[in-house]
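Here is a short briefing on one protein model. Topics follow in order: sheet, domains, cores and ligand shell.

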Amino acid sequence: DTSQKWWRGAVIYQIYPRSFQDSNGDGVGDLVGITRRLPYVADLGVDAIWISPFFTSPMADMGYDVSDYCDVDPVFGVMEDFDSLVEKAHELGLKVIIDQVLSHSSDQHPWFQQSKLDRDNAKANWYVWADARPDGTPPTNWQSVFGGSGWAWNPKRKQYYLHNFLASQPDLNFHNPEVQDAMLDTVRFWLDRGVDGFRLDTANFYFHDKELRDNPPLAKGAANDVPDINPYGYQDHLYDKTRPENIGFLKRFRALLNEYPGTASIGEIGDGTRSLKTMAEYTAGNDRLHMCYSFDFLSPDFSVEHFRGCVEDFEAASHKFSDGSSWPCWAFSNHDVIRHMTRWAEEGDHDTIAKLAAAMLLCLKGSVCFYQGEELGLTEAEIAFEDLTDPYGINFWPEFKGRDGCRTPFPWERALAFAGFSEVKPWLPVPDEHISAASDTQIGSNGSIAEFYRDFISFRKSQPTLISGDISFVDWSPTGLAFTREGEGERLLCLFNLAARAQAFKVPKNWVLTEFSPTEPKGRAISGPVELPPHGFMVARIG
Ligand code: TEU
């Protein structure tokens, strides 16, 4: 049934609930606000929304620290608001994906509150507790992604507990089957409320090495997925994540989803140079995750070599772990990284680069996640130290400024206070340059970035080959990305000029090209070299 495979090739729009739309005048976005803005999202032509966590939370990590997995945090509304959101989304033909943070909870969660009391209470083994080494230091050298040791001391139990992120995000012990069951119960809770899928936060962090072996060092300069100043990046994470036991849990998770036909999952995989391999492995066959997404295209690297290398590595791994049917979900921006318009800022016209990036993402094989505001071409906001809320940024300031700069409120209407996000001063400022890019200045305006997103999304939808056709790269130039998409007796050529100067693509002798760029289908036959303007692109049919 193809309707149940909606996720394969889907365009998913990520909503960061704190910053989408405030409806009750407290300066923080909420579920009612999201529901109000769903028609805008549906009009973009996307298939699904992914909403970052809105569950009960002390918000130490802005909701990625959950203290009740089965309720809505008051700042975002009440359960009925979520039910209305799902109803409205479905009415508009949008699937709803929620963000499950199963790997760790908040330290305020009743499970942890009990677990930390002593070594033999009913929840004593629900988290990862271990004795100090003889000299009192933590049991392993494992680091926290957010800085410092991954272990925190609890004076009452006289033991350390593991936290891969903040100390207030203790790591749940998935070696304990009761924990797995409890987490799957929370998944079922939301399935019963009608959600269509899950984005699984840190899906490769569920298990740790039971023997508590130290991570070996990673060679300096080797690729890592955290800021360079962070010691976390200089370990080879063999033992604190991506453990073999994980697959067993993913299978249990998938079996549960299979009871609810038409649901889907996306695992977030941060695994350094191994991410692409892990993504392919976790989505191989039909009994694990549906899709995975890595940080590879969330990096500052905007080179042909990088894009090509990542896709080729993924495809190779996909053929190793399955018949080539592993499924990626690519993203250029999200709530954790500098917006790609700033990350990839280079010489050239802002709007042209924004459109080039959108076209590239939508021509790749796989599904796609957009992050709210990228359809407006938003850049990273500059946030003063005093306004920072992200502990990750506060820890590493000023070398790393944290994640607030991509989390600022969505600019809706240029003429309204706070761009229509809220009637009061929002939790983070709305930068001036975002106000002038507000959605009301772009929607309906010919040639705008937002209209381009809309056109290209519908173009992609009309071309099944762009969604699931095989991808293979064609040599062009160090700044020219060229690949073909092939399927169902059809072959498309996709060309992207990543350079700020024009360059020509020499069409191989035996190819006859018909240009069919999305916004103005020209249907014109091409002979001789294809001349692409600075940051230009083209999709053509190969005859
Ligand atoms: O992110 C996982 C993760 O590893 C990120 O911390 C990433 O390394 C970093 O942001 C890159 O700059 C997920 C969520 O997306 C993030 O918001 C949470 O803080 C984190 O998990 C902990 O739950």
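How many bridges join β7 to strand β8, and do they run parallel or antiparallel? Four bridges join β7 to β8 (residues 159-162), and the two strands run antiparallel. This is a predicted model: local features need pLDDT of at least 70, side-chain atom pairs count only at pLDDT 80 or more, and totals for chains, interfaces and linings use all residues. Residues are numbered from 1 along each chain as its sequence is written.

**Sheet**
- β6, β8 and β7 form an open sheet of three strands, in the order β6-β8-β7, with antiparallel pairing.
- Strands here are DSSP runs of E, at least two residues long, and helices are runs of H or I, at least four residues long, numbered from the N terminus.
- Two strands pair if DSSP finds at least two bridges between them.
- β6 (129-130) and β7 (151-154) are the edge strands, each pairing on one side only.
- Trp 151 has Leu 162 in β8 as its bridge partner.

**Domains**
- The protein chain is assigned domain 1 (2-103 + 177-461) and domain 2 (469-542); such bounds come from an automatic or database domain assignment.
- The C-alpha centres of the two domains lie 30 Å apart.
- Domain 1 gives 22 residues to the contact and domain 2 gives 18 (contact: C-beta atoms, placed from the backbone, within 7 Å).
- On the domain 1 side, α7 (304-321), α9 (350-363) and α13 (449-461) each give two or more residues.
- That side divides into 12 nonpolar, two polar and eight charged residues.
- Nonpolar means Ala, Val, Leu, Ile, Met, Phe, Trp, Tyr, Cys and Pro; charged means Asp, Glu, Lys and Arg; the others, Gly among them, are polar.

**Nonpolar cores**
- The largest nonpolar core has 140 residues, and Ile 12, Ile 49 and Leu 495 have the most contacts inside it.
- A core is a set of buried Ala, Val, Leu, Ile, Met, Phe, Trp, Tyr and Cys residues joined through C-beta atoms within 7 Å (buried: 20 or more other C-beta atoms within 10 Å of a residue's own, all placed from the backbone).
- α9 supplies the largest share of this core, nine residues.
- Domain 1 and domain 2 each contribute at least three residues to this core.
- Beyond its neighbours within four places in sequence, Ile 49 is in contact with Tyr 13, Ile 15, Val 41, Ala 89, Leu 94, Val 96 and Ile 97.
- A second, separate core of seven residues includes Val 145, Phe 146, Phe 165 and Tyr 232.

**Ligand shell**
- The ligand is surrounded by 13 residues, the closest being Asp 61, Tyr 64, Phe 165, Gly 270 and Asp 336 (near: C-beta atom, placed from the backbone, within 6 Å).
- This shell divides into six nonpolar, three polar and four charged residues.

Methods: Contact = placed C-beta atoms within 7 Å. Buried ≥ 20, exposed ≤ 12 C-beta atoms within 10 Å, placed from the backbone.
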